[in-house]
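Visitor: I am new to this structure. Please show it first, and then take my questions one at a time.

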Amino acid sequence: MTIYQLWISFYTMLRKDIVRMFRIWVQTFLPSVITSCLYFLIFGAVLGSKIGEMQGVDYMSFVVPGLVMLAIVTNAYSNTSFTFFQSKFFFRGIDEILVSPTPPWLLILGFISGGVVRGILVGTIVLLISTFFTGLHLAIYNLFIIFGFAVLTALVFSLAGLVNGVYAKSIDGINLVPTFVLTPLVYLGGVFYSVHSLPAWAQGFTYINPIFYLINGFRYGFLGIADIPVWISLSVLGGMIGLLVAINWYLIRTGLGLKQ
Amino acid sequence: MSAPALKITDLKKTYATGTVALKGVSLEIPEGDFFALLGPNGAGKTTIIGITAGLVNKTSGTIEVFGKNTDTETELAKMDIGLVGQEVNFNPFEKPINIVVNQAGYYGIPRSVAIPRARKLLTDLGLAEKMEQNSMTLSGGMKRRLMIARALVNEPKFLILDEPTAGVDVELRRGMWDYLTGLSKSGLTILLTTHYLEEAEQLCKHVAIINKGEIVAQGGMEEILQKHGSDEAKKEGYRGGRLEEVFLKLTSEKTV
């Protein structure tokens, strides 16, 4: 395929996914918006006023980056895992792409791009909503870092969602990971607290949680404060992307879980 | 002399379950042919088609589509293929026009070209009224025709039809065959699997019969009928066509 043909194929996959996510916006966008509003209300407005400050900033401003990251992580992951699982199990729609000359790497790119777009869109909506709870105030320390961490995080969890989508044998297989793995990791990754406020043994657990590094870097972009240097967070992100790209490439190229 | 539309050499397939589906199949379909691949259920027809189209991994062997090896020139080989699978495999919540246009996109065809092409195909196949409705509203025959339109949108040189008329009523089936005969006359190479043997006998120039993963007969339609036909078929009151007689003779020899 020529570069133009590759672009058309990529555009087709991405367009189809974006049309789908807007068509069912009640399922794709609304849940994260409502959940975030509840978090902002309870942890920010109600409890936050009692907690006061965390690492020198008011508690509401402290939790905003983590809650935006939560929306990005869950939406990027679930979008890719579900669309891939759906096209594999419901109606075998994946065959439409497998019979075409679209190469495996482009198939991966097409599926994960939808997850990245949804993650960034929902993250942006949640961020805008957060300003209603912070008196229309939005702290921005480094826009480049904010955007970079948002895109890379969405990319990581889109890739992870694709692995889940390839391996899942039933709809339960799609829901298990977000419920029992992702959500606990996000909650324990420093959304609501600084790692320095934990006892030493708990800090050790936090440092082996990859999501801690993502939230740490993202928060630095907003507030200029971080539990660990940002370059470490970026390195963890880079390592995760490399590992997940390799796994996905192997799975899709060999047709594992896709072809008989 | 041009390369054959499909050349399969010593194709073997063993599924993860241990089932041996293909035991070294070799097959050649000349360009422009209307070729029937016949066999009982589970003989290996759909496995051959799946491997050719890139939906099933082979165990060993080679496949060439118009001289392009599907292992080393995958993209080029796939450019020439259109597939109508055995099972309905499109999203019923999508409109037929979108299903066909999206398929064109996966072949790198821009929407400005794909949309008029898809409209013409759907109209030619009698789906003009339905192209903007949800596909779930289509009847069984309409779904089959939509799959044909989808398979033709990339203007393939080689069309694979895996039991395209299964569950389609007689009138629609005849209409589909007329349409496909027209395509064959325009130069399109067609590989057909079907359980309607009288249709294969009427439509196809060449035939291969597969049983238990092995080709048991292959050649021109008349040649096969002459070679393997029996006097049984000439008897008064005989129930099926000549090909049906040959088919039963060749496949039951192996199964009993």
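Predicted model: local features only at pLDDT ≥ 70, side-chain atom pairs only at ≥ 80, totals over all residues.

Visitor: Does B:Pro164 count as buried or exposed?
Guide: Residues are numbered from 1 along each chain as its sequence is written, and chains are lettered from A and ligands numbered from 1 in the order in which they are written. A residue is buried if 20 or more other C-beta atoms, placed from the backbone, lie within 10 Å of its own, exposed if 12 or fewer do, and partly exposed in between. B:Pro164 has 23 C-beta neighbours inside 10 Å, so this residue counts as buried.

Visitor: Which residues is B:Pro164 in contact with, leaving aside its neighbours within four places in sequence?
Guide: B:Pro164 sits in the loop between strand E7 (158-162) and helix H6 (170-185) of chain B; helices (H or I, at least four residues) and strands (E, at least two) are DSSP runs, numbered from the N terminus. Contact means that the C-beta atoms of two residues, placed from the backbone, lie within 7 Å. Beyond four places in sequence, the partners of B:Pro164 are B:Val84, B:Arg144, B:Ile148 and B:Met176.

Visitor: How many of the residues of helix H1 (residues 45-53) of chain B are buried?
Guide: The buried residues of H1(B) include B:Lys45, B:Ile48, B:Ile49 and B:Ala53. After H1(B) comes B:Gly54, which has a positive phi, near 90 degrees. H1(B) is mostly covered, and its buried residues number 9 of 9.

Visitor: Where is B:Lys212, which has a positive phi although it is not a glycine?
Guide: The phi of B:Lys212 is about 50 degrees. Because it has 17 other C-beta atoms within 10 Å, B:Lys212 is partly exposed. Its place is the loop between strand E9 (206-211) and strand E10 (214-220) of chain B.

Visitor: What does B:Asp10 count as, buried or exposed?
Guide: B:Asp10 also is not a glycine and has a positive phi of about 50 degrees. This residue belongs to strand E1 (residues 6-14) of chain B. It has 12 C-beta neighbours inside 10 Å, so B:Asp10 counts as exposed.

Visitor: What is the radius of gyration of chain B?
Guide: Chain B holds 9 helices and 10 strands, and 47% of its 256 residues count as buried. Its C-alpha trace spans about 55 × 45 × 40 Å along the principal axes. The radius of gyration is taken over C-alpha atoms, and the globule rule is 2.2 Å times the number of residues to the power 0.38. For 256 residues a compact globule would have a value near 18 Å, and chain B agrees, with 18 Å.

Visitor: Which helix of chain B has the lowest confidence?
Guide: Chain B has a mean pLDDT of 86, with 92% of its residues at 70 or more. Over residues 236-240 of chain B pLDDT stays under 50, and the model has 3 contacts for them beyond four places in sequence. The highest confidence in chain B is in helix H3 (residues 96-106), at 95, and the lowest, at a mean of 68, is in helix H9 (residues 242-255).

Visitor: Which element gives the most to the side of chain A that touches chain B?
Guide: The contact takes 24 residues from chain A and 25 residues from chain B. H1 and helix H6 (94-98) of chain A are the elements that give two or more residues to chain A's side. The one that gives the most, with 8 residues, is H1(A).

Visitor: How far apart are the axes of helix H5 (residues 59-89) and helix H8 (residues 143-167) of chain A?
Guide: Two packed helices are described by the angle between their axes and the distance between the axes. Axes are lines fitted to C-alpha atoms, for helices over the stretch in contact, and angles run from 0 to 180 degrees between N-to-C directions. The contact is made by residues including A:Met69 and A:Phe84 of H5(A) and A:Phe157 and A:Gly161 of H8(A). H5(A) and H8(A) pack at an angle of about 30 degrees, and the distance between their axes is 7 Å.

Notes
pLDDT = per-residue confidence, 0-100.
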